[in-house]
Amino acid sequence: MTPITENELLDRAQSIAGLTFGELAAELRLSVPPDLKRDKGWVGMLIETALGAAAGSKAEQDFAHLGIELKTIPINAQGKPLETTFVSLAPLIQNSGIIWEHSHVRHKLSKVLWIPIEGERHIPLHERRIGAPILWQPSAEQERRLKQDWEELMDYIVLGQIDRINARLGEVLQLRPKGANSKALTKGIGKNGQIIDTLPLGFYLRKEFTGEILQQFLAQR
DNA sequence: ATTTGATCATAG
DNA sequence: CTATGATCAAAT
């Protein structure tokens, strides 16, 4: 049952707020793993299922007809993010001519339904609770910062400087490995413009940025 | 204690 | 491998 309207999606998200993972999983007849060590995406799938997102879909956004991307975000008791947020893989080849306006990062972040979830490891997984949903669109200033980082990071990639990339670059957006392990390889552009084997990289939002989003909405409540 | 780099499961 | 969903854990 996929939500037809934005309000329907929001209502459904509101209705699961306050539930524990155990309670929601029971309703959906899903089993709760002991922890997330081997099920890192379990909470995301749980929430997707509960809200009617197409499971395992390859679509650009979870609710493409609504133009909305769904993201869970683990928070501590103070409401601050415990992890960075993966956005999308970075295009390491055939990327000349790609501009911010047409980027996957911008598209995915154009409208996000954030579901804060309790993420502290001392709370048993089945007892962790789901928070109130936040429907967010980047402000002009937030998008400006995202664009600035994206352009800086893409320059490294396009100009054959992948070897100089690390997670310290970027104010709000960073590039980090995104693969099965450190042996997973993909094609990239080398120092002399040649094709090389290199680690796949993904764009991630820094915790400070997502923390700002959460605060922005807490302040208005 | 925090951040960077590494890693896990699944579908196609 | 790419893309979905992310968190783990070694290094700092």
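Analyst: Strand S1 gives the most to the surface near DNA strand C, with 4 residues. The model is predicted, with local features requiring pLDDT of at least 70, side-chain atom pairs pLDDT 80 or more, and totals for chains, interfaces and linings using all residues. Residues are numbered from 1 along each chain as written, chains are lettered from A and ligands numbered from 1 in order of writing, and side-chain values use heavy atoms without hydrogens or water.

User: Which residues are the closest to DNA strand C?

Analyst: A residue is near a strand if one of its heavy atoms lies within 4 Å of it. Here, 25 residues surround DNA strand C, and the closest are Asp62, Thr72, Lys108, Lys178 and Thr186. Of the atoms of DNA strand C that come within 4 Å of the protein, 64% belong to sugar and phosphate.

User: Which atom of DNA strand C does the side chain of Lys108 approach?

Analyst: A polar contact is a pair of N or O atoms within 3.5 Å. In the case of Lys108, a polar side-chain atom lies 2.7 Å from a phosphate oxygen of DNA strand C. Tyr204, by contrast, has a side-chain N or O atom 2.9 Å from a base nitrogen of DNA strand C.

User: Which elements give two or more residues to the surface near DNA strand C?

Analyst: Helices (H or I, at least four residues) and strands (E, at least two) are DSSP runs, numbered from the N terminus. For the surface near DNA strand C, the elements are helix H3 (42-51), strand S1 (69-75) and strand S2 (85-89).

User: How many residues surround DNA strand B, and which are the closest?

Analyst: DNA strand B is surrounded by 19 residues, with Arg38, Lys40, Ala167, Arg176 and Ser182 the closest. Sugar and phosphate make up 62% of the atoms of DNA strand B that come within 4 Å of the protein. Arg176 instead places a side-chain N or O atom 2.7 Å from a base nitrogen of DNA strand B. The surface near DNA strand B draws at least two residues from each of strand S5 and helix H6, and S5 gives the largest share, 3 residues.

User: How is a pocket to be read, and what volume has the largest pocket?

Analyst: Rolling a probe the size of a water molecule over the atoms shows where empty space is left. On a 1 Å grid over the protein atoms alone, a pocket is an open set of points where a 1.4 Å probe fits, with protein on both sides within 12 Å along at least five of seven lines; lining residues have an atom within 4 Å of a point. Its volume is the space filled by probe spheres set on the points. In this model, the largest pocket holds about 1800 Å³ of space. Its lining has 47 residues, of which Lys40, Gly41, Thr72, Phe86 and Lys178 are the closest to its centre. Among the elements that each supply at least two residues of this lining are H3, helix H4 (104-109) and strand S5 (173-177). The largest share, 6 residues, comes from S1.

User: Which residues lie closest to the centre of the second largest pocket?

Analyst: The second largest pocket has a volume of about 170 Å³. Of its 13 lining residues, Ile75, Pro116, Gly131, Ala132 and Leu218 are the closest to the centre. Strand S3 and helix H6 (207-219) give two or more residues to this lining; S3 gives the most, with 3 residues.

User: In which order do the strands of the sheet containing S1 lie?

Analyst: Two strands pair if DSSP finds at least two bridges between them. The open sheet of 3 strands that contains S1 has the order S1-S3-S4, with mixed pairing. S1 and strand S4 (134-136) are the edge strands, each pairing on one side only. S1 and S3 run parallel and are joined by 7 bridges, with Leu70 opposite Leu113 in S3.

User: What is the order of the sheet with S5, and how do its strands run?

Analyst: That open sheet of 3 strands has the order S2-S8-S5, with antiparallel pairing. S2 and S5 are its edge strands. S5 is joined to strand S8 (residues 201-205) by 5 bridges, and Pro177 stands opposite Leu201 in S8.

Note on methods:
Polar contact = N/O pair within 3.5 Å; in protein donor to acceptor, adjacent residues only side chain to side chain.
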